[in-house]
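This report describes a protein model for a reader who meets it here for the first time. The sequence and the structure are shown next.

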Amino acid sequence: MVPKADVLVYNIGQAVLFPKKPLRRVSPETAGIKEGYAIAIRDGNVVEVGPSGIVRSKYECNVCINAEGRLVTPGLVDPHTHLVFAGSREDEFELKLMGYTYLEILKRGGGIYRTVRMTRNASIEELTNKAKKTLELMLSGGTTTVEVKSGYGLLPEHEIKMLEAAERASRELPIKVVRTLLAHVVPEEYLDKRSDYVKLFDSIIAEVSRRRAAKYIDVFCDKGAFSVDESLHMLRKGIEEGLRARMHADQLEYIGCSLLAEKVYLDSIDHLEKTPPENAKILAATGTVATFTPTSMVAMMEIERPKVINELRRLGVPIAVGSDYNPNNMTPLQQTAMDVSTYILGLTPLEALAAATVNAAWSIREEGGQLVPGSPGDLIVWDLENYRWIGYTWGYDKTLVVISKGRVWKNLIS
Ligand code: NIG
Ligand code: FE
């Protein structure tokens with residue numbers, strides 16, 4: 001009997017398979033680059049990867065896509081987003097252009113605080129519909145798995161509302177949402193009683209865990225947000241309640257946040273704009289992924305290359321990249337983060353691709369980011385000849401075919 005494939009992509013020019021996860025040192029040898037391959041997908045998963053002639057003659061395909069010699073990669077995985085929020089902050093963009101800093105805007109009750117007010121006033125349906133539209137846009141640009149943080153509710157009912165909206169928004173879409181409870185800032189009404197808020201947050205963690213509403217706890221550890229000690233307490237409480245941990249660290253100023261990787265097990269530590277190079281060895285020792293968000297560096301109007309990056313590379317720390325989509329950084333496409341990471345972080349095109357796929361999936365401990373039998377049927381046919389065009393050409397959507405969980409979401413070839 002001839003085996004059946006739901007989708008078969010054949011006549012692939014160059015396929016990047018990423019057979020190993022995570023990828024600590026990215027090179028054409030470790031990336032698994034193949035020419036003239038085909039990939040068969042059935043019941044949502046990859047079932048076979050091999051030479052085009054062999055795979056094509058073996059399977060009967062329901063949807064058969066001729067890649068016509070183009071580049072094929074795993075679907076993109078976005079490991080850092082603030083997808084759910086209400087309203088927008090375009091007027092603050094102008095304030096930033098006038099020279100106001102992120103912290104100055106936050107201290108005047110703008111920034112995160114402004115989005116908190118709008119998000120608290122929004123219904124779950126409003127949040128869900130807005131988030132769903134963004135997810136559709138993300139999918140169309142090749143994102144097939146996305147991490148989504150809370151953090152604009154700050155009070156129990158509103159944090160739970162955000163996490164619930166994230167789940168609802170993804171319900172009918174072939175995109176996997178991985179939820180994170182984020183301790184973002186101390187709410188304005190608690191600014192003179194911070195320790196009471198940290199206690200209240202303990203109860204939010206417990207409730208989120210009881211409802212299984214998040215996989216991760218995350219804390220914004222920085223000047224103007226949470227201190228190192230407060231962050232340590234919240235991360236430990238999250239782990240005690242059965243969540244995995246990740247953290248925003250050293251984004252605005254260095255106050256020692258990345259040192260926490262030694263004290264709590266973090267799957268990923270994100271931002272690292274101001275991290276001293278010597279802290280790279282902590283991540284190398286603990287196995288923590290270093291996740292950068294290059295488009296949010298642009299939005300912060302601070303685009304100096306992070307000093308820690310070369311040391312991370314030298315020590316073989318897995319590097320991931322995320323969009324950090326949020327009302328301060330309206331860049332929903334992981335494709336853009338991947339492309340600009342070449343310019344801003346100095347990643348090679350292949351490192352950028354690994355950072356946006358296999359290492360991003362590892363940073364959220366999810367399947368995906370690879371094209372091997374058994375991995376999710378998440379795949380992109382790019383309007384590119386080979387991976388060297390990643391970053392080289394950018395600023396438009398270069399995906400022609402997006403397949404997610406075995407479903408053809410977009411096909412501009414046929
Ligand atoms: O990752 N750093 C903290 N949180 C976001 C920004 C959130 C906001 O400004 O609304 C970030 O950049
Ligand atoms: Fe963030």
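Strand E5 pairs with strand E14 (residues 379-382) in the antiparallel sense, over 3 bridges. In that pairing, threonine 73 stands opposite isoleucine 380 in E14. On its other partner, strand E1 (residues 4-16), E5 (residues 71-74) pairs in the parallel sense over 2 bridges; here alanine 15 faces valine 72 in E5. Two strands are said to pair if DSSP finds at least two bridges between them. Helices (H or I, at least four residues) and strands (E, at least two) are DSSP runs, numbered from the N terminus.

The model is predicted: local features need pLDDT of at least 70 and side-chain atom pairs count only at pLDDT 80 or more, whereas totals for chains, interfaces and linings use all residues. Residues are numbered from 1 along each chain as its sequence is written, chains are lettered from A and ligands numbered from 1 in the order in which they are written, and side-chain values use heavy atoms, with hydrogens and water left out.

The protein chain holds 15 helices and 16 strands. Its radius of gyration is 21 Å, close to the 22 Å that the globule rule gives for 414 residues, so the chain is as compact as a globular protein of that length. This radius is taken over C-alpha atoms, and the rule is 2.2 Å times the number of residues to the power 0.38. The C-alpha trace spans about 70 × 45 × 45 Å along its principal axes. Of the 414 residues, 62% count as buried; buried means under 20% relative accessible area, exposed over 50%, and partly exposed in between (1.4 Å probe, protein chains only).

Histidine 248, in strand E10 (residues 244-249), and aspartate 324, in the loop between strand E13 (319-321) and helix H13 (334-344), are 76 residues apart and link distant parts of the chain. Histidine 248 counts as buried because its relative accessibility is 2%, and aspartate 324 is likewise buried, with a relative accessible area of 2%.

Two pockets are set side by side below. On a 1 Å grid over the protein atoms alone, a pocket is an open set of points where a 1.4 Å probe fits, with protein on both sides within 12 Å along at least five of seven lines; lining residues have an atom within 4 Å of a point. A volume is the space filled by probe spheres set on the points, which are joined across faces, edges and corners.

| Largest | about 300 Å³ | Thr101, Tyr102, Leu252, Met300 and Glu302 |

Helix H4 (102-107) and helix H11 (294-299) each give two or more residues to the lining of the largest pocket. For the second largest pocket, the elements that do so are helix H3 (90-98), H11 and H13, and H3 gives the most, with 4 residues.
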